Amino acid sequence: MNKKNNDLSVWKTSKRLERNYEKILKVIQNQFFQAISNKNNANEMINMLKVISRQHSFETYCQEIALKMVTSVYQKTEGNWRKAAEQNTKGREIYEALKKEKQNVLMENVIQKLIEQNATLIKTLPLDIASDITKYIEKETTKGRRAEELVQEIKIKFPEKTKANAKCIARTEISKAQSALTKTRAEILNIQWYIWRTSQDERVRNAHKHMEGVLVSWKDPPSPEQLSKSKYQYGKYHAGEIFNCRCYAEPIVDIHFVKFPRKVYYNGRIVRMTKAEFLTLS
């Protein structure tokens with residue numbers, strides 16, 4: 001990339017948005033535990049969580065939270081593209097597309113889908129906790145423990161357990177939303193390729209390490225686990241689309257700023273290509 005466009009942080013997933021969403025999810029989960037704090041047995045706890053999941057007010061609340069989250073990611077990614085427009089030859093084209101995209105049916109559908117997905121995810125949180133409580137009770141009672149003895153244990157252990165869950169959900173859903181919105185804008189602008197970027201630290205999963213810097217077509221997502229011969233297989237997906245992933249897509253707005261030879265994911269393999277070879281694919 002040229003010197004101006006070498007700021008990869010432009011395309012990184014926002015840690016601030018992750019923390020905000022995580023904080024909201026923790027508040028919601030704490031409300032669940034407050035609701036069951038006065039229950040004296042596991043069945044009462046589970047029934048209360050099921051009642052919460054069916055309340056119309058809770059469903060409306062889930063929609064509001066999901067809308068707020070998706071809107072914040074939309075605004076952040078719009079800013080990404082505006083910065084890219086300042087640094088590339090397609091700047092005018094990008095600006096014009098951004099002005100019109102709110103009336104674009106494709107973008108409208110993607111935004112609505114993201115809102116519905118996250119509203120549903122939040123709505124199922126009390127049921128997920130109820131399911132975890134049920135499994136815990138079943139596991140512990142097989143050891144000879146009485147369900148009544150486990151009530152206080154559940155009240156102490158489960159709020160802490162769900163904190164980690166909130167962090168994972170926030171990271172995953174913010175990343176997936178950014179990936180979906182970036183992909184949609186790229187499709188609107190007919191930008192067919194992106195560079196797979198990782199956070200480039202010791203926490204990058206092994207299956208993603210070899211994807212760093214690889215050119216990927218939006219029309220042909222890779223299977224990093226298959227490429228790395230991992231024993232775990234999660235199918236094909238783009239950067240940022242898998243659970244707990246910190247990778248992100250850097251759209252190739254202007255191919256002239258990409259250095260070659262370069263690794264390219266093509267035809268199920270990662271191959272090294274010259275610029276002339278790559279241009280025959282575009």
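A disulfide here is a pair of cysteine sulfur atoms within 2.5 Å. For Cys168 the closest cysteine sulfur is again in Cys245, at 11 Å, so a bond is out of reach. The count under this rule is zero disulfides. Cys247 is buried, at 4% relative accessibility, while Cys168 is partly exposed, at 27%. Buried means under 20% relative accessible area, exposed over 50%, and partly exposed in between, with a 1.4 Å probe and protein chains only.

I should state the basis of these values. This is a predicted model, in which local features need pLDDT of at least 70 and side-chain atom pairs count only at pLDDT 80 or more, whereas totals for chains, interfaces and linings use all residues. Residues are numbered from 1 along each chain as its sequence is written, and side-chain values use heavy atoms, with hydrogens and water left out.

Next, confidence. The chain has a mean pLDDT (the predictor's confidence in each residue, from 0 to 100) of 90, and 95% of its residues reach 70 or more. Confidence is lowest in helix α4, residues 91-100, at a mean of 76, and highest in strand β2, residues 215-217, at 98. Helices (H or I, at least four residues) and strands (E, at least two) are DSSP runs, numbered from the N terminus. Over residues 1-6, pLDDT stays under 50, and the model has 10 contacts for them beyond four places in sequence; a contact means heavy atoms within 4.5 Å. Where pLDDT is low, the predicted coordinates should not be read in detail.

On a 1 Å grid over the protein atoms alone, a cavity is a set of points where a 1.4 Å probe fits but cannot get out, a pocket is an open set with protein on both sides within 12 Å along at least five of seven lines, and lining residues have an atom within 4 Å of a point. Points are joined across faces, edges and corners, and a volume is the space filled by probe spheres set on them.

There are two cavities of 30 Å³ or more. Cys247 returns in the lining of the largest cavity, alongside residues including Trp11, Ser175, Gly240 and Tyr248. This cavity holds about 50 Å³, and α7 gives the most to its lining, with four residues. By class, that lining has five nonpolar, six polar and no charged residues. Ala, Val, Leu, Ile, Met, Phe, Trp, Tyr, Cys and Pro count as nonpolar, Asp, Glu, Lys and Arg as charged, and the others, Gly among them, as polar.

The second largest cavity holds about 40 Å³. Helix α4 gives the most to its lining, with three residues, and the lining divides into five nonpolar, no polar and two charged residues.

The largest pocket has about 290 Å³ of space. Helix α7 again gives the most, with six residues, and α5 (105-123) and α7 (151-188) each supply at least two. Its lining comprises four nonpolar, three polar and five charged residues, among them Lys113, Ser179 and Glu241.

Finally, the backbone. Most residues other than glycine have a negative phi, and most peptide bonds are trans. Phe260 and Pro261 are joined by a cis peptide bond, with omega about 0°. Gln200, not a glycine, has a positive phi of about 55° and is exposed, at 54% relative accessibility. Asn244 also has a positive phi, near 55°, and is partly exposed at 31%.
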